[in-house]
Structures are given as structure tokens and as C-alpha cells.
Amino acid sequence: MEDIEKHSSLEGKIVVITGASSGVGRAAAEAFAREGCNLVITARGKKGIDEVVDYCRTLNVKAVGIPADMSIAEDVEKVAAGALAIGGKIDIWVNNAGVMASGKFEEIPLEIHQQVLKTNLFGYMHGAYNAIKIFKEQNEGILINNISIGGFMPAPYSAVYSASKYGIRGMMECLQGEISNRKHIHICNLYPQLQNSTGNLHSAKYSGFKMTIPSIASDPRETAAKMVEVAKHPKKDSFPDFKASAITKTYKLFPKTIMNTASAVVRTKMKLNKEKEETSGNVLKYSQEPLRVYGKPPVKTTNNYRLALFAGIGITLGLLLVIKK
């Protein structure tokens, strides 16, 4: 078999992408299609899948859509079987499907908490379970996990989401050890920060939690480009951009201060929000409109200056908070 890590070209590779109807997953599908990959697109909603498949086919690659719920083991087995039916192998599997619920822990319905764990933690487990079995049989393959910096630092008022991300990171680090004697099998973990994607629009919100997409949110196409990069040159752990790395490093310096401060800010915003509208978002049902990559139109900026400024401000604020304590 070809040695995947020695070839920069991905043309003709068979790639499975979960949660690909919108956001980062949709951006990833488009990015791999532009590389000439043959794609298996999966998500719960058929409309979004069909749109992505149609777009990918305009780039003269094979693309099939398989509606599936990653929290259901049988659905994921169906995806794996469908991918193998295309060319008898799977070269790259991208675990990306995820949901989020935010609000006061005890005010979020237990059913919502449970489904967040099932979709995120169990979903990535189901994906890895099928992918690794197949990779071992063919003695090569790359599993890419879109984990988020939530694997290192908790998201305020999103306790179960945070638990799922810490759990995914722990599971994948253990699996990296298990396949460490397999030269041509790789598990690559990505840790992006908050994205300017539809994920924020689709999330479940309770207790007056309301979050707009801030200007520091990262471009989901940059995260997708990082997925392509690690597919070409596998690496165990990666941050898609400088902002994700800077935020994580700053948190590690002042974890208690940053968590308490961020929680206080969110708590105040929830209290001041007069519209206590509650929504289960896409936790219990497939994502509704908008089905696109971006949450809001992207704004082009001079990246290096903004990133350096952001990192400097973050670290300075952290130091000031510690000094005042």
C-alpha cells in the first residue's frame, strides 16, 4: 500500500467527514474535495448533505451522502460500510459532528445533557471504533478529531459540553498510545477556538444564555485547511491558528482566575437578558437553516497584527487579574 505520510497529494483518497452539513464540517468537505478526494458526507439532515454532495461533485470528485446520527452505533457502522463500498478502503476519517448546550447546569433538561454526551463523546468513540478497525485491516489510515480548545479549558456555563471535550481528548490520547506501534496509522487531534460558524447559531441555550459571534472568532475555513494539512503531514496535536494556541496557553497560566472571570461575565449577561427564551437547538434534532459555513459574513483583516495584539491583551489582562486578586 502507498505510504500516506510520504505523499503530499490527497487526490483519489476516500475521506469520511461527519457533521458535514454546515459549519466546519461543510468547510472541510469543500476543502478535501478541492484536493481531489472522494468523499462520504454524513450528518443527520438530508438537505444539508445533498447541498454539500452537489457542490463537491462540481469539482469532479465522487461524493455520496449518508444521513446518520453519530450517537447511534448502528448508524456509524452504516457510514463505514457505505464508505468501503466506494473503493474498498477508507483513507481518512474526520470526526467532526458535535453539539453544545449552554446555561445553568441544573436548568438545562437532563435529556439535553445526556444527548450532548452521546453525540460528542459517544459519537467520536463510534467513529474511532469503526475507523481504527478498518485502518488496522488495511495497515494505514488517518483519524482526524476536531476536539476544540474545550479539551484543555472548560467553556463557561457549558459543563457537559466541556466534559465531553475533556473526555474526547483523553480517549484519543490513549488511542494514540495504542496505535504507536503502527507506523502508517495516525490519530491527529485539532484544538480550534470559537469559530465563526453556524455551530454557535444552532446550539442549545437556556437560563438566558445568549452569545453572539465575537470578532475574535476564527475562520472555519482555516480550521478545515488545517485538517487537510494534517492529512498530508500527520501530527498528533495541532492548533489551527495562533489565537487558539494563545488562549489555551494563557488559560494554563491562570486557570482559576480566567474560569471565574469568564463565568462571572456570562452570569451577568444571563441575568441582564430579559428575553429568557429557551431552545434545544440542534441537540435533539438535525440542524435547521442556515446550512452554510459561516455564522456571520467573514471580515478580512491583517491577521498577524490582530493576532499579536489579541495575544498580548489576553496575557496582560490575565496578569492584571492575578495581581488584583
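I began with Met-270 and, leaving aside its neighbours within four places in sequence, I found it in contact (heavy atoms within 4.5 Å) with Gly-103, Lys-104, Tyr-157, Tyr-206, Ser-207, Gly-208, Phe-209 and Lys-276. I note that this is a predicted model, in which local features need pLDDT of at least 70 and side-chain atom pairs count only at pLDDT 80 or more, while totals for chains, interfaces and linings use all residues. Residues are numbered from 1 along each chain as its sequence is written, and side-chain values use heavy atoms, with hydrogens and water left out.

I then looked up where Met-270 sits, and its place is in helix H9, residues 255-272; helices (H or I, at least four residues) and strands (E, at least two) are DSSP runs, numbered from the N terminus. Met-270 has 3% relative accessibility and therefore counts as buried, a word that means under 20% relative accessible area, with exposed over 50% and partly exposed in between (1.4 Å probe, protein chains only). From Met-270 to Gly-103 I read a C-alpha to C-alpha distance of 8.4 Å, although the two are 167 residues apart in sequence.

Next I turned to Ser-21, which lies in the loop between strand E1 (14-18) and H1. Ser-21 also counts as buried, because its relative accessibility is 8%. Not counting residues up to four places away in sequence, Ser-21 touches Arg-26, Ala-43, Gly-48, Ile-49, Val-52 and Leu-291.

Which residues of H1 meet H7? I listed Val-24, Ala-27, Ala-28, Glu-30, Ala-31, Phe-32 and Arg-34 in H1, and on the H7 side Pro-220, Arg-221, Thr-223, Ala-224, Met-227, Val-228 and Ala-231.

For the geometry, I noted that the axes of H1 (residues 23-34) and H7 (residues 220-232) come within 8 Å and cross at roughly 50°; axes are lines fitted to C-alpha atoms, for helices over the stretch in contact, and angles run from 0 to 180 degrees between N-to-C directions. H1 and H7 are therefore oblique to each other, since angles under 35 degrees count as roughly parallel, over 145 as roughly antiparallel, 65 to 115 as roughly perpendicular and the rest as oblique.

Last, for the whole chain, I recorded ten helices and nine strands, with buried residues making up 52% of the 325 residues.
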